[in-house]
Amino acid sequence: MHERGSSSQEKSLELLAELTTAEKLELLDGDTPFWSGMADIALHQASHRHPWPAAQVPRLGLAGLQFVDGPRGVVLEGGATTFPVPMARGACWDPDLEQRIGEAIAREARSFGANWVAGVCINLLRHPGWGRAQETYGEDPVHVGALGAAMTRGLERHAVACVKHFALNSIDSSRFLVDVQVSERVLHELYLPHFRDCVEAGAGSMMSAYNQVNGHWCGQHPELLRRILKQRWGFRGFVVSDFIFGVRDGVAAVLAGQNLEMPFRMVFAGCLPEAVADGRVPMGCIDEAVLRLLQVQLRVPAGAYPASLRSCETHRALAREAATSSIVLLRNEGQVLPFKGLSSLALIGRLASIPNLGDRGSSDTRPLPGTVVTPLDGLRAAAPDLRIEQASGSSPLAAAALAARCDAAVVVAGLDWRLEGEHIHPGDIAPILRLIPPPDWLLRLVGRRRLMPFWRPLAHLLAWITSYASARQGGDFAAGDRTDLNLPADQVALIRQVASANPRTVVVLMGGGAMLIEDWRQLVPGLLLLWYPGEQGGAALADVLLGRVSPSGRLPFSMPTQACHLPPFEPRARQVVYDFWHGYRRLQRDGHAAAFPFGFGLSYSQFTASELTAEFQRADGRIDHLQTSVTITNTGEMEAAEVVQLYLEPPARELERPARTLVAFQRLHLAAGEARRITLAVPLRSLARFDPAQDGFVTEEGTHRLVVARHVEDVGLAVALEMEAARVSN
């Protein structure tokens, strides 16, 4: 890489002038040939073996961009740290922690030779059935945006951050088919702000989504890619397609603002040389794309990153901190937790003694054998004198008998990669695969006239094989989206039997999203979410169960009482409508209380809020932002962390708008008895609505209530503030 000392823009212009037209076009797609690359994926799981290269020009000293996935850690084999999944880290509500994790992932990526990391997945969780729910941070754009921006800042210290998937991508099984219909207001107020947060945090790249939005494929969507991302937001990085099948029409895509097709030479390589030659694509459009790629590549820091960074002591400690902070205590009747005075403990459930790290799709990590701390490992290490008796739970009666003869019981239940995850539906990619010409060796072997009439059915077969190879892991198919949010029936039967046998039963749930638990949650006094907690999850669980650390996770989504309280969700839908009404916004509108609300989480301590104030801050004679201050006191007897949440209640109007929305938050640690006054800055855009007639955000005239609350349904502490109608700077 070139040194950062000289201006990357000036150097990029110099390099642009030296490139031939052929070299410029070659920069716009991955550096791997299509057919050999597909074989590498299907036969060798290449995405877990090496980075994917792009934008290399050796004669000019351009070493290129080396792509690797990594929402929960670098996915390459070789012992990278496995952190809790992003949804678990969303439950931490801690941007500082997320930035440190981003920096750790980037440093480990560099140790593999990668310098471009797809670790910022920020699609909103519209429905908990989404198979990749675990890869994002939650259901609210302010919360997701703060954490996505923090991850972006961390990654960009050592690599190029890739933010994905732009935009409205939250159904997996039909992601190659579905057309998401959305109004301009909903788009700008709900589904885009978090992407903008990452742009403003300095993201070097943005990945377009597979799906359509309002009738246009995201990979060739001029409104999203050019007018909003590049022109309205001033994005200076490059746009990359989602992998392999992210471009349908190469000419339309590059004109719309797509800059790089990955990871192979595919649609762009097959159409752009001719399109440039005949004038359908102006050279200026190509130069713009190349210049963006050069500028981002040149700003990557130089330097060597040793393999010893992988799963080093510092990064393992960071993974344990994240896992501990993510645990959400949902129920603690009779103060069953923390466990005290136990001489024996029954630990029950298959998931108690095996690594359960999450989806086995593109985000799958490969920790070294023996490095993952399971719940059983964690408890045995933390309490060597405690008699821990284990049962798989395959026999509920035997498990109940074990629980009955122990002082307390812990049932580890929930989901794994067999029940939720990334999924490619066989056949969906065949129409895209037909855009790729047959390999030269096949044309030479069969002949063009003989082969081409059979290419379409052959493409279908190849697409199915590719889908099969991508989805098949460990002998089974990944499940994709969930259509049933209940726990499997055998797990429910196990919980019921154990709870009836031991009144001190605690259920530990693993998984990446909300579950329906109404038919049994009242039967157990203790209930917590462990998520997919990464390689140090068992140690973190032991710390919380034994009271060494107070639980401090807060729900990043709402857990409903009934499936009918959720928006419609059809995994194979061809068209869906996205509106304001999902998550806590929908529950508020319809008057349904959540089983556990957005932002909810119990602690071993207690907190109070007092002295809430709010005032506008001005800069250059104009209102710049809203500043709120509040005093938080730990009134309990234990050091603990609290998550201060600030919600906005807008004036009552006929205009469709959620009744209460998150506008700011802050996590803080307080010693027992400690009080601290904190300040929350709220951008005006978070208080405004998008007005299509003015093509921008505007504030509403009237009385706004700002509420500091422990969760979205908490009455909280409120202050009123008068606002005037005004245009907010875009």
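## Helices, a sheet and one threonine

In this predicted model, L97, R100, I101, A104, R107 and E108 of helix α5 meet H315, L318, E321 and A322 of helix α13, where contact means heavy atoms within 4.5 Å. Residues are numbered from 1 along each chain as its sequence is written, and side-chain values use heavy atoms, with hydrogens and water left out. Because the model is predicted, local features need pLDDT of at least 70 and side-chain atom pairs count only at pLDDT 80 or more, while totals for chains, interfaces and linings use all residues.

Helices (H or I, at least four residues) and strands (E, at least two) are DSSP runs, numbered from the N terminus. Helix α5 and helix α13 pack at an angle of about 145 degrees, with their axes 11 Å apart; axes are lines fitted to C-alpha atoms, for helices over the stretch in contact, and angles run from 0 to 180 degrees between N-to-C directions.

| Helix | Residues |
|---|---|
| α5 | 95-111 |
| α12 | 283-298 |
| α13 | 313-326 |
| α15 | 396-404 |

Helix α12 has 16 residues and reaches 22 Å from its first C-alpha to its last, close to the 22 Å expected at 1.5 Å a residue, the expected span being 1.5 Å times one less than the number of residues. Since 12 of these 16 residues are buried, α12 is largely enclosed by the rest of the structure; buried means under 20% relative accessible area, exposed over 50%, and partly exposed in between (1.4 Å probe, protein chains only). Among the buried residues of α12 are C285, I286 and R292.

Turning to the sheet, six strands form an open arrangement with mixed pairing, in the order β12-β19-β18-β15-β13-β14, and two strands pair if DSSP finds at least two bridges between them. The edge strands, β12 (328-332) and β14 (387-391), each pair on one side only, and the twist averages 20 degrees from one strand to the next. Strands β18 and β19 run parallel and are joined by four bridges, with V508 standing opposite L528 in β19. Helix α15 lies across β13, β14 and β15, running at about 160 degrees to β13.

Elsewhere, T631 lies in strand β22 (residues 622-634) and counts as buried because its relative accessibility is 11%. The side chain of T631 makes a polar contact with the side chain of R677 (2.8 Å); a polar contact is a pair of N or O atoms within 3.5 Å, and within protein one must be able to donate a hydrogen and the other to accept it, while residues adjacent in sequence count only if both atoms are side-chain atoms.
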